[in-house]
Amino acid sequence: MRAMTQNPPNLRPDLAPKIQIDANPRAGQPTIGMVSLGCPKALVDSERILTRLRAEGYAISPDYKGADAVIVNTCGFLDSAKAESLDAIGEALRENGKVLVTGCLGADPEYITGAHPKVMAVTGPHQYEAVLDAVHKAVPPKPDPFVDLLPQQSVSLTPRHYSYLKISEGCNHACKFCIIPDMRGKLASRPAHAILREAEKLVDAGVKELLVISQDTSAYGVDRKHDMAPWKGGEVRAHITDLARELGQLGAWVRLHYVYPYPHVRNLIPLMAEGLVLPYLDIPFQHAHPDTLRRMARPAAAARTLDEIAAWRAACPDITLRSTFIVGYPGETEAEFQTLLDWLDEAQLDRVGCFQYENVAGARSNLLPDHVAPEVKQDRWDRFMEKAQAISEAKLAAKVGSLQQVIVDEVDSDGATCRTKADAPEIDGNLFIDEGFEGLKPGDMVTVRVEEASEYDLWGRQV
């Protein structure tokens, strides 16, 4: 039996898959390294920057020593993420010396230069042109018109068979524990036809799974007043339901992340039942007690949310629900925490991550009274994850004997690591094929009969 996945008990919303870059520079070609920290939305920013640099004639290096300069795309969501970003900048300076900083932490350049005065440039989040200008100054391009044509597909920091698709930037919420609107601004949705064109190119280039991301996927198009855009001889509305329906026509798996449970989300469920969109919703519930939610400045409708969950499951019995929660939020009482545990018992979510509350510089929650002691936060986190693990174990045990369509992520001498439709890459579990995996390769989609289950993972045999 292969080692099981830890369905990340430390799951944080500021983490994304590890960077994956293949480097084959020609002699004399300027080379840029990239360290991409932060969430999947930051990963998309990194991909966009590298796509432009590659088109301009730069090679991309997966390490410090092979690069003429290094871009560090930072995160500023939590204080621990800020510290991680500063550490990465320091390491890049030691290993390379020429370092350009961008991303969310770049919104506070003095914070970075105060710790690392030798960085060559600092730019904020999604400032693509400024990053390119800084690279041009640090490492002038040497284009070869016979070689450096615009590549057929974008540089990707994820395996070739899946790709993140960012549909909007920013957020209109004012959650007290979050400073993302301060860093990334209000909701700014991309035109529907631009998203669909990008998705179509990705699928044409071999992508089998599109992971739709934003700060608030449900709100897509609100800022555009759900305007219409031309698409394939007709028009498409800038609305998540319409966008999901069109994405579902492209022939790839479509997985929706960061979906707030607005009433119109129920209109997505029939698309899942029809097979156009994966029956999977990633919803940031954060808590269940109405008083805690009010202190978070989030909608306090946990009871109605349970009704919505029941309705989703009635319309699409195979739906997988993932969420993240915060324990130890300022003022959280034992009774409030117990309400969260009871809610989780009733909701029976399939995939659950949890992190302990941290102060974030600039967040309004820092000023709230009655902060919870670290040992209490740890105890509540332990109890929460114990319950979540038991739910996951029971749900996966019920899948033994079933047939599952899976996508292959990795193949080595021990077997194939795959995912079912219920598993997002990096954050959910895996399905392992230990026998009869010869001939499989990443991106293959096969049918498997589940033979064994653990708390977070499945094992099966190809049929």
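Trainee: Where is the place of Ala361?
Mentor: Ala361 is in the loop between β15 (351-356) and α12 (374-397); helices (H or I, at least four residues) and strands (E, at least two) are DSSP runs, numbered from the N terminus. This is a predicted model, in which local features need pLDDT of at least 70 and side-chain atom pairs count only at pLDDT 80 or more, while totals for chains, interfaces and linings use all residues. Residues are numbered from 1 along each chain as its sequence is written, and side-chain values use heavy atoms, with hydrogens and water left out.

Trainee: Why is Ala361 called partly exposed?
Mentor: Buried means under 20% relative accessible area, exposed over 50%, and partly exposed in between (1.4 Å probe, protein chains only). Ala361 has 44% relative accessibility, so it counts as partly exposed.

Trainee: Which residues are in contact with Ala361, leaving aside its neighbours within four places in sequence?
Mentor: They are Asp79, Lys82, Ile179 and Asn366; contact means heavy atoms within 4.5 Å.

Trainee: Why does Ser323 count as buried?
Mentor: Its relative accessibility is 0%, and Ser323 therefore counts as buried. Ser323 belongs to strand β14 (residues 320-327). Neighbours within four places aside, its contacts include Ile283, Phe285, Leu349 and Val352.

Trainee: What does the side chain of Ser323 reach?
Mentor: The side chain of Ser323 reaches the backbone nitrogen of Phe285 at 3.0 Å.

Trainee: What makes helix α7 mostly covered?
Mentor: In α7 (residues 240-247), six of the eight residues are buried. The buried residues are Ile240, Thr241, Asp242, Leu243, Ala244 and Leu247. Among the elements that cover them are β6 (162-166), α6 (192-204), β9 (209-213) and α8 (269-274).

Trainee: What makes Arg295 and Glu336 a salt bridge?
Mentor: A salt bridge is a side-chain nitrogen of Lys or Arg within 4 Å of a carboxyl oxygen of Asp or Glu. For Arg295 and Glu336, the closest N and O atoms are 2.7 Å apart. This pair links distant parts of the chain, with Arg295 in helix α9 (residues 290-296) and Glu336 in helix α11 (residues 334-347), 41 residues apart. Glu336 counts as buried because its relative accessibility is 7%.

Trainee: How far apart are the closest N and O atoms of Asp345 and Lys387?
Mentor: They are 3.0 Å apart, and the two residues form a salt bridge. This pair too links distant parts of the chain: Asp345 lies in helix α11 and Lys387 in helix α12, 42 residues apart. Asp345 is partly exposed because its relative accessibility is 37%, and Lys387 is partly exposed because its relative accessible area is 22%.

Trainee: Which residues do salt bridges that share partners join into one network?
Mentor: The network consists of Glu332, Glu334, Asp379, Arg380 and Arg383. The structure holds 28 salt bridges.

Trainee: What is the mean pLDDT of the protein?
Mentor: The mean pLDDT, the predictor's confidence in each residue from 0 to 100, is 90, and 91% of the residues reach 70 or more. Over residues 8-13 the pLDDT is below 50, although this stretch has 20 contacts in the model beyond near neighbours in sequence. Where pLDDT is low, the predicted coordinates should not be read in detail.

Terms used: Polar contact = N/O pair within 3.5 Å; in protein donor to acceptor, adjacent residues only side chain to side chain.
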